[in-house]
Amino acid sequence: MSGSGSDWDKHGFDTRAIHAGQEPDPQTGAVVVPIYATSTYKQDGVGGLRGGYEYSRTGNPTRAALEESLASLERGAAAYTFGSGLAASDTLVRSVLRPGDHVILPIDAYGGSYRLFARVFGEWGIEVTPVPLSDLDAVRAATTERTKMIWCETPTNPLLGIADIAALSAIAREVGALLVVDNTFATPYLQQPLTLGADVVVHSMTKYLGGHSDVVGGAVVVADPTLGEKIAFNQNAIGAIIGPFDAWLVLRGIKTLGVRMDRHSDNAAAVVEFLQASPKVTRVWYPGLAEHPGHDIAARQMSQYGGMVSFQVEGGPDAARRVVDATSVFTLGESLGGVESLIEYPAAMTHASVAGSALEVPDDLIRLSVGIESAADLLTDLDRALA
Ligand SMILES: *Cc1c(COP(=O)(O)O)cnc(C)c1O
C-alpha cells in the first residue's frame, strides 16, 4: 500500500535496493526493518491510528517496507504484495477484468498463469487467447473490441522467448487494453517494464527477488496510482496478503539482488558457452545468444540476460530424463531464481499442466536455473551428466 517518491528514487539501483522503504526504525534505530508480527494495533482513542495501521490484512509495516522498495525498484507509483505470484495475478485480474473480457497470453506463458486464466477465470467468463508475443502482427490480429489485457512474459518460461515491451505497449494503447508484464525472470535489475510503457508489473517474488528458495510471495506494481487504489481495495477485500515474516525474507533478498543477478548472468553465460560446444546438445535457448530470435530486442530492453537457460538434448525424452537425474551440483527440482542451481524436465514437471495444449513444450527440453556457485563446478557437473 505504499508509493515511491522518497529521496531514494534519485539514487542508483543497488542503493535503492538496500535503502528504499527501509529507513532505520524510528523507535530504536534498528537498521533492518523489524518483523511486525502483529495482527492488530493499539488505537489512541477510537480511530486514532498510529501511522494508519489498524489491522494487518489491511496494512503491516514490514509489508509496507517491501512494497515501497518494490515500487522504487520498478519505478512504479505503488506496489502490493501477496502470498504467492499467482495470488498477486488473481487479485490483479479481479481488479481490472469483468466477465466477457478477453485476454491475450503468451503462447509459452508460465504454466500456472495459463492454468489460472484457462481453468479458473474461464469459468468466470474471461476468454483467453494464447499468441506468440514475438509476432506483433499475430498479437494485433488476435485483439478484439473485448480485449482488455495483454499479458506479457519476457523472457518466457521455459523457452526464453523475448517480447518487445515498448511495441506491445503501443498495441495495448491502440486497443484500450492494459499491458501487464510478468517480470519474474528478468527482475527490475535487468529490465524495468514500466519505463518501457507497461501499465502493470507482476512478480513471483518466490524466484529471484526472494532469491534463496525459502519463501513464496508475489507482487503487483502499477504505474497509475488510481489503478493502485483498486488493487489496494482488493488486496484488503480478497485478503491474499503476504505475512510479515515472508515479507521480511523478500526484503532481505532484495538487498543483494544486483550482485546476485550479475553472478547469475555471468554463470549462465559460461554454461551456455559450454552447452553450445557439447555434441550431446542439439539446441540452446538463451536470449544472450546472437542467433536467438529475440536477441536484438533483449539487448535493447535488458541490461544482461539473466540466469535461466534451456537446452535440448540428443536422444529424446529418455535422454533428457537421464540428464536431469544425473547432476549433483544442480538439484533436480521445480522453481528457479535461488542462489543454488536447479535442473528440471519441464514436460513432466513445471509444464505438465499444459501438455496437449498450444503451450506444450518440447519433450527433450531441460531447463536450468543457473545459481551463483563456482562456475567451474557447474560446468563439470553438466559435463558428467551429459556423458
Ligand atoms: C513461479 C512463477 C509464477 C507463479 O508464482 P508463484 O509464486 O509460484 O505463485 C508466475 N510467473 C512466473 C514467470 C513464474 O516463474
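The following legends describe close-up views of a predicted model.

**View 1. An open sheet of five strands.** The strands of this sheet follow the order β9-β10-β13-β12-β11, and their pairing is mixed. β9 (281-285) and β11 (331-332) are the edge strands; each has a single partner strand, so one side of each remains without a neighbour in the sheet.

**View 2. Pairing of β11 with β12.** Two bridges join β11 to strand β12 (residues 342-344), and the two strands run in the parallel sense. L332 has I343 of β12 as its bridge partner.

View 3. Around the ligand are 14 residues, of which G85, D182, S204, T206 and K207 come nearest. By residue class, the shell comprises four nonpolar, seven polar and three charged residues.

**View 4. Polar atom pairs between ligand and protein.** For G85, a backbone N or O atom is placed 2.8 Å from an oxygen atom of the ligand. The side chain of D182 has an N or O atom 2.6 Å from a nitrogen atom of the ligand. In the side chain of T206, an N or O atom lies 2.7 Å from an oxygen atom of the ligand. On its own the ligand has 380 Å² of accessible area, and the protein covers 91% of this area.

Methods:
Residues numbered from 1 in each chain as written. Predicted model: local features only at pLDDT ≥ 70, side-chain atom pairs only at ≥ 80, totals over all residues. Heavy atoms only, no water. Pairing = 2+ DSSP bridges. Helix = DSSP H or I, 4+ residues; strand = E, 2+ residues; numbered from the N terminus. Near = heavy atom within 4 Å. Polar contact = N/O pair within 3.5 Å; in protein donor to acceptor, adjacent residues only side chain to side chain. Areas by Shrake-Rupley, 256 points an atom, 1.4 Å probe, with all protein chains shown as cover. Nonpolar A, V, L, I, M, F, W, Y, C, P; charged D, E, K, R; others polar.
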